[in-house]
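The notes follow the order in which I took up each topic.

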Amino acid sequence: MPKRHNWQLNREMEYPYDAPPPAKQVAYVFDINKCIDCQTCTIACKTGWTSGKGEESIFWNNVETKPYGGYPMAWDMKLLERRGPAKWKGKVLKTDTIFEGNHLLDPPDGHLPDTMDYSALNLGEDDVSKTVGQGEHFEDAHPMWMFYLARICNHCDNPACLAACPRQAIYKRDEDGIVLIDQERCRGYQECVKACPYKKTFFNMISRTSEKCIGCFPRIEQGKVSLCVESCIGKIRTHGYLTARGEPREDNLLDYIVKIRKLALPLYPQFGTGPNVYYIPPIHVPDGFLEQLFGPGVEAAKTLYRQLADDKKLLGALLLFGSTDLIIEKFKVEGDEVIGWDGKGEEVSRVPFTEPHYVRDHHDKRYDVYRHNTT
């Protein structure tokens, strides 16, 4: 089986196809610390893309509560229980990925969810890690915890869905790395559903074909961010491109956050797919749990996040989240502002580090009226 270098695992790994990387790779960064589970992203995606017949249980975007939630049910636990915990030596993965240990013609290691696994979208929502006893309350570090995990298709470097498809109906676009399903070639064998470790490929029981997140490519081709990114009221998301050929750039927003500073981490990198949705880990959750989700960089990422007030460039990069509906491909901190430019070099965002505020006098002499605080 061909070998490909996986930078998230810091080693070569087996993968059925050997192909050059795309010209640039679409990627997302989600700040879990800011997510409030409002599901605005879910509704934006649902109404925009999956409101048709047979799509009632199809959610390209969903937000679930960890440690107990998941859609479809136990999408990750079923695979983890069979494969066992990931083992790292420093930053190098020592256990096999879902592609390794198989024959060249074997599909990636996976499981096919049952129909009822799709019956409860928000199972486990707001459930904390352990029972809260009578009279208990939070003091300093929380003994009980939970967090919200927003999930979309990862548009992986090594897509398991693509590797498993017997019809070669799934392909990765060279221009931006988005992974798509050719609906005319698909015959609904559901091998992609079984193989995807994130269960972000779905089967439409009416059309009898598989469907998945298309990365909002009609918007991307116009230089706009995805619907889920634009609609996020908590501004936890940003959307752009990673440098796929060559060294990461300091002035590239995604390169800087993900590859240079390593503040945001991939979800379950041990599966070997090279996911391109990156998460800033929640600082209140125990490292042991997070390391199984995001790999060995959790402690360093949490330290970086806690020190953001003294790290102006990294803080500036995060201030650009949700500041524009256009994709930022270059950024720079100038004085007390951070500026973002699109792929054409046009300025699309300028955010001050301190928002201006104005305090008006209680008595307005001009109109001879008094202002009252009614909030």
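I am working from a predicted model, in which local features need pLDDT of at least 70 and side-chain atom pairs count only at pLDDT 80 or more, while totals for chains, interfaces and linings use all residues. Residues are numbered from 1 along each chain as its sequence is written, and side-chain values use heavy atoms, with hydrogens and water left out.

**Helix α7**

I looked up burial (under 20% relative accessible area is buried, over 50% exposed, in between partly exposed, with a 1.4 Å probe and protein chains only). Because 7 of its 8 residues are buried, α7 is largely enclosed by the rest of the structure. The buried residues are Leu253, Leu254, Asp255, Tyr256, Ile257, Val258 and Lys259, and they pack against β3 (24–31), β12 (237–243), β14 (277–280), α10 (312–319) and β15. Here helices (H or I, at least four residues) and strands (E, at least two) are DSSP runs, numbered from the N terminus.

At the start of α7, I noted a side-chain oxygen of Asn252 within 2.9 Å of the backbone nitrogen of Leu254. After the helix comes Lys262, with a positive phi near 55 degrees.

**Aromatic pairs**

I searched the whole structure for aromatic pairs and have 17 of them. Tyr256 and Phe331 make one that is tilted, at 5.8 Å centre to centre and 55 degrees between the planes. The criterion is that rings of Phe, Tyr and Trp (its six-membered ring) have centres within 6.5 Å, planes under 30 degrees apart counting as stacked, over 60 as edge-to-face and the rest as tilted. This pair links distant parts of the chain, since Tyr256 lies in α7 (residues 253–260) and Phe331 in strand β15 (residues 330–334), 75 residues apart. Tyr256 counts as buried at 5% relative accessibility, and Phe331 is buried too, at 2%. I also noted one aromatic cluster formed by Tyr28, Phe30, Tyr279 and Phe294.

**Charges over rings**

I then checked for charges over rings (NZ of Lys or CZ of Arg within 6 Å of the ring centre and within 35 degrees of the ring normal). The charged end of Lys259 sits over the ring of Trp7, 5.0 Å from its centre, and that of Lys330 sits over the ring of Trp341, at 5.8 Å.

**Asn158**

Is Asn158 buried or exposed? At 4% relative accessibility, Asn158 counts as buried, and its place is the loop between β7 (147–151) and α3 (160–164).

Methods: Contact means heavy atoms within 4.5 Å. A polar contact is a pair of N or O atoms within 3.5 Å; within protein, one must be able to donate a hydrogen and the other to accept it, and residues adjacent in sequence count only if both atoms are side-chain atoms.
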